[in-house]
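Reader: I am new to protein structures, and I would like a close look at a single part of this one. Please take me through the sheets and what surrounds them.

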Amino acid sequence: MTDALHRPPVVTRISDLIGYTPLFELARADNGAHLLLKLEMYNPTGSAKIRMARQMITDAEERGQLRPGGHIIESTSGNTGLGLAVVAAERGYRFTAVVDNHAAVDKLRGMQAMGTDLVYVVDDGSEELNTAAREELAEDMARGKDNTFFTEQHNNPSNAVGYHPVGREIAEALDKRVDVLIGAVGTGGGLCGTALELKKDVPGVTVIGVEPKGSIAFGPPAHDYYQSGTGTPEGATIGLLVDYDLIDEGVKVGDIEAFATARVVARRTGLLIGGSAGGVVHEALTRLQYLPPDAVMVAFINDGGEKYMDTVFNDNWMNARNLIDDAVEAGVDETLTKLRRN
């Protein structure tokens, strides 16, 4: 396995391109505090989750749970499935993804393009998030089957291990000068796996978790939300990888604010980020002006916005769900414009 600092000029597997994603300065306050985005869309599949997908399969192979010609099964809203699809294609496994229509269509199409079998937990066309039902079906499909592995991302310790390199990358790139790490909380693996390793080099770093309003990891109330691939919806169990001992503060950001931020960032910088990443950036921008002088805040940006052209960046889709608020977008635009000038 290679990394980007020591990668040969020619690689033989797409997964060899994972890692050492760039840092982008989005904003700087008057006192010199600045916000850096860890752009995980520069991994293959355009998402951080290919990191943990590879780790889950590698560890399963080492434990003998997967052998040549085996079958991988996972419940996914898209990005984990895309990562598993790459690894399955490289290593000759069959992969079945249990999905629902809450997932971005382009993610589903991408998995299919790589040979993934899609199984819909409900096929009535509804956009409801069915995490609990997906998990149950995936587990049932794998139970008792020889050479079949349910990766179970929400409770698989290898998920968090897959993100340990992110913590090392951040510490190395910034010479261990990091004051705040902020990121979305879904399975918990991304933020907590990164934080665990980062804290080894930067013990005093503050870790802030962000989930959608309606998600329950940081408490009620529960209700539906449209941010994809993040949070814990009502009826789902909070994953074992959500380590509250590593998270100093948990906050909630609504769909309107998250999507408005993603749209404004695209217009102001040319950078496309995903909807849940918009929630992280919204919270980060809100806090930036209150940080100490010259503080460094790093936002973990799980994926890019290219997969959300039919949703977050589609006015018709947004208006049909009452997700556009001109005043909110104007407020984000004003904040970003001010902080981008400094």
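Author: **The sheets and their surroundings**

Four strands build an open sheet, with parallel pairing and the order β5-β4-β3-β6. The strands at its edges are β5 (117–120) and β6 (148–150), and each of these pairs on one side only. On average, neighbouring strands in this sheet are turned by 20 degrees against each other, direction ignored. Keep in mind that this is a predicted model.

Look at one pair in that sheet. β4 and β5 run parallel, joined by 4 bridges.

Now turn to another sheet. This open sheet has 6 strands in the order β1-β2-β10-β7-β8-β9, and the pairing is mixed. β1 (23–28) and β9 stand at the edges with a single partner strand each, so one side of each has no neighbour in the sheet. From one strand to the next, the twist averages 25 degrees.

Take β2 and β10 in this sheet. They pair in the parallel sense, over 6 bridges. Leu36 stands opposite Val298 of β10. A helix packs here too: α6 lies on the sheet and touches β1, β2, β7 and β10. The direction of α6 makes about 135 degrees with that of β2.

Stay with β2 for a moment. His34 belongs to this strand, which covers residues 34–39. Is His34 buried or exposed? His34 is buried, because its relative accessible area is 12% and the cut-off for buried is under 20%. What does His34 touch, leaving out residues up to four places away in sequence? Its contacts are Glu25, Ala27, Arg28, Leu288, Asp294, Ala295, Val296 and Met297.

Asp294, touched by His34, lies in the loop between α9 (275–288) and β10 (296–301). Its phi is near 65 degrees, a positive value in a residue other than glycine. Most residues other than glycine have a negative phi. Asp294 is partly exposed, at 44% relative accessible area.

For Asp175, phi is near 50 degrees. This residue sits in the loop between α6 (164–173) and β7 (180–184). Asp175 counts as exposed, because its relative accessibility is 64% and exposed means over 50%.

The peptide bond from Pro220 to Pro221 is cis, with omega near 5 degrees. Most peptide bonds are trans. Pro221 is found in the loop between β8 (206–212) and β9 (249–253).

Next, go inside. The largest nonpolar core has 44 residues. Those with the most contacts inside this core are Ile72, Phe95, Met111, Ile170, Leu181, Leu198 and Val298. Several elements give two or more residues to the core: α1 (49–62), α2 (79–91), β4 (94–99), α3 (105–113), α6, α7 (189–201) and β10. You have met some of these names already. Val298 is the residue opposite Leu36. β4 is the partner that 4 bridges join to β5. α6 is the helix that packs on the sheet.

Zoom in on Leu198. Which residues does Leu198 touch, not counting those up to four places away in sequence? They are Gly167, Ile170, Ala171, Val178, Leu181 and Val205. Ile170 and Leu181 are also among the residues with the most contacts inside the core. There is a second, separate core of 43 residues. It includes Leu26, Val210, Leu271 and Leu285.

Finally, step back to the whole chain. The protein has 11 helices and 10 strands. Its C-alpha atoms fill a box of roughly 60 × 45 × 40 Å along the principal axes. Of the 342 residues, 57% are buried.

Contacts also reach along the chain. Count those between residues at least 6 apart in sequence: 71% of them join residues at least 24 apart.

Note on methods: Residues are numbered from 1 along each chain as its sequence is written. This is a predicted model: local features need pLDDT of at least 70, side-chain atom pairs count only at pLDDT 80 or more; totals for chains, interfaces and linings use all residues. Side-chain values use heavy atoms; hydrogens and water are left out. Buried means under 20% relative accessible area, exposed over 50%, partly exposed in between (1.4 Å probe, protein chains only). A nonpolar core is a set of buried Ala, Val, Leu, Ile, Met, Phe, Trp, Tyr and Cys residues joined through side-chain atoms within 4.5 Å. Contact means heavy atoms within 4.5 Å. Two strands pair if DSSP finds at least two bridges between them. Axes are lines fitted to C-alpha atoms, for helices over the stretch in contact, and angles run from 0 to 180 degrees between N-to-C directions.
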